[in-house]
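Subject: Structure handover

Hello,

Here is the structure I said I would pass on. Please look through it with the notes below at hand.

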Amino acid sequence: MSEKKTLEELTKYFKDEFKTKIISIDIKKRAAGSKKLETSTIWMKIDKTVFKDVIKHLIKYQYPHLAVISGNDLGKNIELIYHFTVNYGERLKEINLHISVELPKSKPEIESICDLIPGALITEREKQEFLGVKIKGIPDNRKLFLPDDWPDDVYPWRRDETGPEKYYKNLHEVNKK
Amino acid sequence: MKSKTTTKTTYNIPVGPIHPALKEPVFLEFEIDGERIVDVDVKLGHVHRAIEWASRKRNPIQILYLAERICGICSYCHPAAFALGIEAAADIEVPERAEYLRVIQAEIERITSHVLWAGVAAHEIGFDTVLFLTWEMREKMMDLTEFLCGNRVTKGILTIGGIRRDITKDMLPQITKSLDYFKDNFEKIRHIFLDDKTIKLRSQGVGILTKDDALKLCAVGPTTRASAIKKDVRIDTSYFAYGDLDIDYITPDILTGEVNGDVYDRIIQRLLEIKQSIDIIEQCLDKMPNGDLVSEPKIPKLLNQLKKVEGEGVGRHEAPRGEVIHYVKLTGEDAPFTWKVRAPTYNNILPWIPMLKGEQIADIPIIAASTDPCMSCTNRIGIIKDGNRYELRKEELYRLSVEKTRRLMR
Amino acid sequence: MGFSMLPKVLSQMFKKPWTNKFPAKYQPSNTTKYLKAVGAGEAKINPPIPTPPGFRGKIIYDKEKCTGCRLCIKVCPCEAIEYKEEDKKIKIYIGRCCFCSQCNDVCPTNCLSMGDEFLLADSDPYAKALIVE
């Protein structure tokens with residue numbers, strides 16, 4: 001493991017390597033408590049063509065902790081946000097790193113990162129069934145949370161016609177006097 | 001020489017979906033060779049309640065109570081992470097006194113949860129007297145929770161931008177009394193867990209999670225710290241009032257001088273954390289400044305303010321079982337556009353696989369329990385062998401576990 | 001070190017049970033009926049453990065003070081509150097209430113408060129005792 005980088009060094013580390021492929025970098029700081037000590041967060045939007053290289057580049061710096069992948073249905077695109085943390089293990093040094101990638105809904109495909117971070121398997125399987133994203137090269141393709149007989153073209157987190165609206169029932173209205 | 005009989009010497013045992021060692025129903029399929037576990041497969045989703053979907057019809061204040069019901073034992077940390085996420089997205093500043101009160105509640109929850117876990121772990125290896133001892137202690141903490149929050153389990157104490165109830169001067173004696181009781185009795189359970197032969201026999205060298213595996217499989221909380229990875233949201237980042245407090249990472253080598261990453265280390269880890277939590281509460285009571293409890297006491301005004309916000313935020317909180325992370329995206333509507341919840345057990349499932357491989361059937365309960373999926377009760381297991389189907393009930397599995405303890409004691 | 005629990009177990013034999021007693025010795029088939037019988041002096045009950053101050057029990061609704069502003073409906077997490085158009089008052093289904101007391105906080109006229117009644121189990125979620133109006 002190399003020396004721990006500060007917030008500015010870390011953003012520079014990515015900017016130097018990928019330049020225009022990084023669509024935007026936002027740095028946010030939030031203070032808390034009486035001493036108003038700050039926690040820093042980097043929100044980074046990247047182009048999906050360099051996605052895997054960004055993760056590799058990140059691992060080259062330090063093996064990150066992947067908390068989870070979250071996702072948004074933005075209409076034409078599907079956004080995946082990878083929530084990483086780096087620099088943990090030292091008091092108040094941790095940096096949150098949220099890497100977001102947008103995929104077109106017509107062809108929502110992204111490479112699996114399980115070969116680099118095996119712990120991503122559960123969350124990748126979840127994204128596959130909940131957002132209808134195709135994860136290329138995922139070691140385990142089965143359903144995770146949804147039952148095996150769940151219809152193939154319904155994705156619970158989508159907001160269009162492939163969403164789960166038709167399954168919704170107002171259970172609390174049943175048997176109401 | 002090829003033998004004519006089938007070459008497959010292993011057989012499969014399904015465990016779950018409703019299972020002795022797991023709080024949430026999970027289905028595990030074990031490939032067994034004799035008594036040894038060769039491979040494990042995990043299937044989830046038996047109680048997927050679509051909570052994130054339910055949030056689409058609710059405003060942030062309503063979601064607080066929905067979040068509280070994600071888990072009965074962590075009924076504080078989910079609303080806490082959600083509130084942190086909303087506060088980050090809407091840039092709400094929380095009054096200082098509220099930050100300290102939030103820490104106190106979080107630590108009370110940690111003590112309650114860890115003591116509960118200690119009891120359940122003892123039960124899994126057939127040491128039921130310890131179960132009753134620890135749960136008697138836990139009851140004191142539950143009474144304190146009820147005294148401070150108004151209810152025992154669903155605390156309903158957190159709100160966006162602050163906390164709903166204050167700790168006034170006349171409440172302090174009751175809190176110190178409970179903490180003193182805990183400090184007196186802590187020594188007792190420490191002695192039982194760390195010196196008792198029974199517990200050492202069953203937990204040392206069992207269910208090992210190496211540092212490398214813990215890192216690669218993204219384990220969180222006491223599970224990862226017991227494998228010597230220093231990762232604790234309370235210490236890594238500054239949120240609530242944790243930045244002001246004097247705290248440090250806890251790993252099992254503080255006590256034993258070495259880290260093995262086995263079940264015994266995870267027991268030590270949690271016991272040390274109970275002690276740390278008591279210390280944190282005392283620090284908070286000492287340092288707590290005076291001031292407001294909520295940034296915006298008028299709820300309709302707060303809701304209107306949140307309705308105008310466009311942005312996203314992430315809330316992270318160290319729950320008893322590890323890091324809880326909530327992602328919230330607000331787009332200027334009543335309900336948040338996206339709300340993604342990630343509970344600690346989600347990340348602690350994959351580490352089960354290296355822990356369980358190579359262990360015995362009788363060790364399944366204690367290993368599964370050691371990551372603290374509170375083992376609520378149980379279910380049955382079917383053993384399929386030679387085409388005949390045997391039913392192995394929870395009682396049976398538990399009996400196997402108890403028998404192993406007896407065997408080792410001899 | 002073999003039996004570290006033994007002294008504790010032996011001393012426990014001479015102590016009273018640590019737990020609180022359940023109000024009735026056996027589970028009554030109908031709680032409401034049983035409580036009525038207790039009120040009439042026909043049945044006995046183990047006195048309940050006093051609830052701490054600030055306990056969140058069954059909601060108490062002061063109908064006179066209510067102005068029908070519907071703020072409580074807006075914040076109720078479990079849709080337990082219903083608005084009655086004709087007399088501009090509310091109706092609370094305790095069967096769905098989650099006892100968060102958020103409606104108490106939001107109410108501008110303080111017509112709602114949390115009581116200390118907690119023995120609310122009933123087989124019918126729409127029983128009379130479980131509807132406050």
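In which sense do strand β2 and strand β5 of chain A pair, and over how many bridges? Before the answer, one caution: this is a predicted model.

Chain A, the sheet

Strand β2 of chain A, residues 37-46, and strand β5 of chain A, residues 95-104, pair in the parallel sense, over 7 bridges. To find one place in this pairing, go to Lys45(A): the bridge partner of Lys45(A) in β5(A) is Ser100(A).

The two strands belong to an open sheet of 5 strands in chain A, with the order β1-β2-β5-β4-β3. The pairing in this sheet is mixed. At the edges are β1 (22-32) and β3 (65-73) of chain A, each of which pairs on one side only. On average, neighbouring strands of the sheet are turned by 20° against each other, with direction ignored.

Chain A, the whole chain

Chain A has 3 helices and 7 strands. Read from the N terminus, its elements follow the pattern α-β-β-α-β-β-β-β-α-β. The C-alpha trace of chain A spans about 60 × 45 × 30 Å along its principal axes. Chain A has 177 residues, and 37% of them count as buried. If you take the contacts in chain A between residues at least 6 apart in sequence, 50% of them join residues at least 24 apart.

The nonpolar core

The largest nonpolar core has 167 residues. The members that touch the most other members are Leu80(A), Val103(B), Cys72(C) and Ile92(C). As for elements, α4(B) gives the largest share of this core, with 15 residues.

What does Leu80(A) touch, leaving out residues up to four places away in sequence? The list is Ile69(A), Gly71(A), Ser100(A), Val101(A), Leu103(A), Ile110(A), Lys127(A) and Val133(A). Ser100(A) has already come up as the bridge partner of Lys45(A).

Where chains A and B touch

This contact takes 34 residues from chain A and 37 residues from chain B. On the side of chain B, at least two residues each come from α4 (96-124), α8 (211-216), α10 (233-236), β7 (322-331), β8 (338-342) and α14 (344-347). The largest share of that side is 4 residues, and β7(B) supplies it. By class, the side of chain B that touches chain A has 19 nonpolar, 7 polar and 11 charged residues.

Domains in chains B and C

In chain B, the domain assignment gives domain 1 as 11-47 + 375-409 and domain 2 as 56-346. The centres of these two domains of chain B, taken over C-alpha atoms, are separated by 30 Å.

Chain C is divided into domain 1 (21-50) and domain 2 (51-133). Here 24 Å separate the centres of domain 1 and domain 2 of chain C, again over C-alpha atoms. The contact between them takes 5 residues from domain 1 of chain C and 6 residues from domain 2 of chain C. The side of domain 1 of chain C that touches domain 2 of chain C is made of 3 nonpolar and 2 polar residues, with no charged residues.

Most residues other than glycine have a negative phi. Asp91(B) is not a glycine, yet its phi is positive, near 55°. Asp91(B) sits in the loop between α3 (77-90) and α4 of chain B. Ser101(C), also not a glycine, has a positive phi of about 65°. Its place is the loop between β3 (89-93) and α4 (102-106) of chain C.

Is each of them buried or exposed? Asp91(B) counts as exposed because it has 11 C-beta neighbours inside 10 Å, and the limit for exposed is 12 or fewer.

Gly205(B) has 13 C-beta neighbours inside 10 Å, so it counts as partly exposed. How far apart are Gly205(B) and Val263(B) in sequence and in space? They are 58 residues apart in sequence, and 7.3 Å apart in space from C-alpha to C-alpha.

Regards

Definitions and conventions:
Residues are numbered from 1 along each chain as its sequence is written. Chains are lettered from A and ligands numbered from 1 in the order in which they are written. This is a predicted model: local features need pLDDT of at least 70, side-chain atom pairs count only at pLDDT 80 or more; totals for chains, interfaces and linings use all residues. Two residues are in contact if their C-beta atoms, placed from the backbone, lie within 7 Å. Ala, Val, Leu, Ile, Met, Phe, Trp, Tyr, Cys and Pro count as nonpolar, Asp, Glu, Lys and Arg as charged, and the others, Gly among them, as polar. A nonpolar core is a set of buried Ala, Val, Leu, Ile, Met, Phe, Trp, Tyr and Cys residues joined through C-beta atoms within 7 Å. A residue is buried if 20 or more other C-beta atoms lie within 10 Å of its own, exposed if 12 or fewer, and partly exposed in between; C-beta atoms are placed from the backbone. Two strands pair if DSSP finds at least two bridges between them. Axes are lines fitted to C-alpha atoms, for helices over the stretch in contact, and angles run from 0 to 180 degrees between N-to-C directions. Domain bounds come from an automatic or database domain assignment.
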